[in-house]
Amino acid sequence: MTPSPAGPLPLIKRHPVAAFVVIAVTLSWAAQILSLLLLGNILPGILAELLILLGTAILVTGAADGRPAVRELFRRAFRWRVGAAWYVVAVLALPVLTALTAALTGTFHAPAGGWAPLAGNYLLNTVIIGALLANIWEELAWTGVVQHRLMDRRGPVVAALLTAIPFALIHLPFAFAEKGFAGTPWTDVAVSWAVLFLFAPFFRLLMGIAYLRTGYSLLIVGLLHASFNASASTKLDVFDGEWQQIAAVIVLLGIVAAAAASRPVRSRPAPA
């Protein structure tokens with residue numbers, strides 16, 4: 001019997017998803033925690049996390065499937081030829097549903113600075129700051145590497161549930177972003193983490209369905225992720241609270257899942 005080659009690359013090739021999770025989560029935690037402890041600001045740690053995710057995605061994909069797979073992964077990040085309706089969904093669905101949720105629950109208010117500046121800031125936060133600079137590359141890792149491989153083996157629902165676990169884990173230090181480790185009550189941390197783990201499966205399933213229905217367009221997935229971030233009350237100044245955008249994601253997931261069920265995907269994803 002021929003012994004297996006020694007070293008980390010053969011191990012990554014055999015277990016690409018597990019390798020990605022261990023490397024990306026461990027290094028991202030280190031970056032975020034050090035950023036909070038040394039600088040009192042998590043933003044440098046978030047920027048480091050993006051680089052870690054991208055680098056780990058390249059490493060894992062290259063080790064598992066070679067350079068052609070890495071090139072294909074990046075082509076998916078720029079796959080723009082999808083139906084026009086998907087651009088509307090990716091950019092406008094979540095802010096509209098968030099505002100409607102606020103209106104129906106009595107938490108809506110007109111933007112203090114007017115609608116035109118609000119729309120401009122939203123598009124800036126979604127398209128430029130969000131998608132192009134961050135979320136396309138974040139989703140290249142989560143959707144393009146982890147969730148893609150799991151969908152091929154387990155289907156979209158189970159893949160979303162499994163991807164949600166490390167996706168939530170990597171965001172755990174965010175609970176200390178505003179007040180630091182010493183100033184954040186553990187009750188607030190517990191609530192933040194509970195919401196994160198409960199919400200993550202819905203979010204990952206929405207990303208997975210969008211990915212499948214657009215022919216593996218990470219561009220659309222990145223825009224949708226950025227749209228969610230830009231629909232927070234700190235950026236979309238039309239409501240009071242922190243739950244409305246979460247409700248909007250669940251409503252949008254229901255709409256997209258119903259539309260997907262009426263038009264089944266023709267083929268399952270191949271490994272990235």
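Residues are numbered from 1 along each chain as its sequence is written, and side-chain values use heavy atoms, with hydrogens and water left out. In this predicted model, local features need pLDDT of at least 70 and side-chain atom pairs count only at pLDDT 80 or more, whereas totals for chains, interfaces and linings use all residues.

**Exercise 1. The buried face of H4**

Determine which residues of helix H4 are buried, and how they are arranged about the axis.

Solution. 
Step 1. Helices are DSSP runs of H or I with at least four residues, numbered from the N terminus. Helix H4 covers residues 67–77.
Step 2. A residue is buried under 20% relative accessible area, exposed over 50%, and partly exposed in between (1.4 Å probe, protein chains only). In H4 the buried residues are Ala69, Val70, Glu72, Leu73, Arg76 and Ala77.
Step 3. Viewed down the axis of H4, the buried residues lie within an arc of 160 degrees, so they line one face of the helix. The arc is taken from the directions from the helix axis to the C-beta atoms.
Step 4. An α-helix has 3.6 residues a turn, so residues three or four places apart point the same way.
Step 5. The cover over these buried residues includes helices H3 (43–65), H6 (115–154), H9 (186–213) and H10 (218–230).

**Exercise 2. The packing of H6 and H9**

Describe how the axes of H6 and H9 cross, and which residues meet.

Solution. 
Step 1. Two packed helices are described by the angle between their axes and the distance between the axes.
Step 2. The axes of H6 and H9 come within 11 Å and cross at roughly 85 degrees. Each axis is a line fitted to C-alpha atoms over the stretch in contact, and angles run from 0 to 180 degrees between N-to-C directions.
Step 3. H6 and H9 are therefore roughly perpendicular to each other, a class that spans 65 to 115 degrees; under 35 is roughly parallel, over 145 roughly antiparallel, and the rest oblique.
Step 4. With contact meaning heavy atoms within 4.5 Å, residues of H6 including Glu139, Trp142 and Met151 meet residues of H9 including Phe203, Arg204 and Tyr211.
Step 5. The residues of this contact divide into seven nonpolar, five polar and two charged. Here Ala, Val, Leu, Ile, Met, Phe, Trp, Tyr, Cys and Pro count as nonpolar, Asp, Glu, Lys and Arg as charged, and the others, Gly among them, as polar.

**Exercise 3. Salt bridges**

State how many salt bridges there are, and examine the pairs Arg149 with Asp65 and Glu139 with Arg204.

Solution. 
Step 1. A salt bridge is a side-chain nitrogen of Lys or Arg within 4 Å of a carboxyl oxygen of Asp or Glu. The count by this rule is five.
Step 2. In the bridge between Arg149 and Asp65, the closest N and O atoms are 2.5 Å apart. This pair links distant parts of the chain, with Arg149 in helix H6 and Asp65 in helix H3, 84 residues apart.
Step 3. Arg149 counts as buried at 4% relative accessibility, whereas Asp65, at 36%, is partly exposed.
Step 4. Glu139 and Arg204 form a salt bridge whose closest N and O atoms are 2.8 Å apart. Glu139 belongs to helix H6 and Arg204 to helix H9, 65 residues apart.
Step 5. Glu139 is buried at 0% relative accessible area, and Arg204 is buried at 0%.

Methods:
Helix = DSSP H or I, 4+ residues; strand = E, 2+ residues; numbered from the N terminus.
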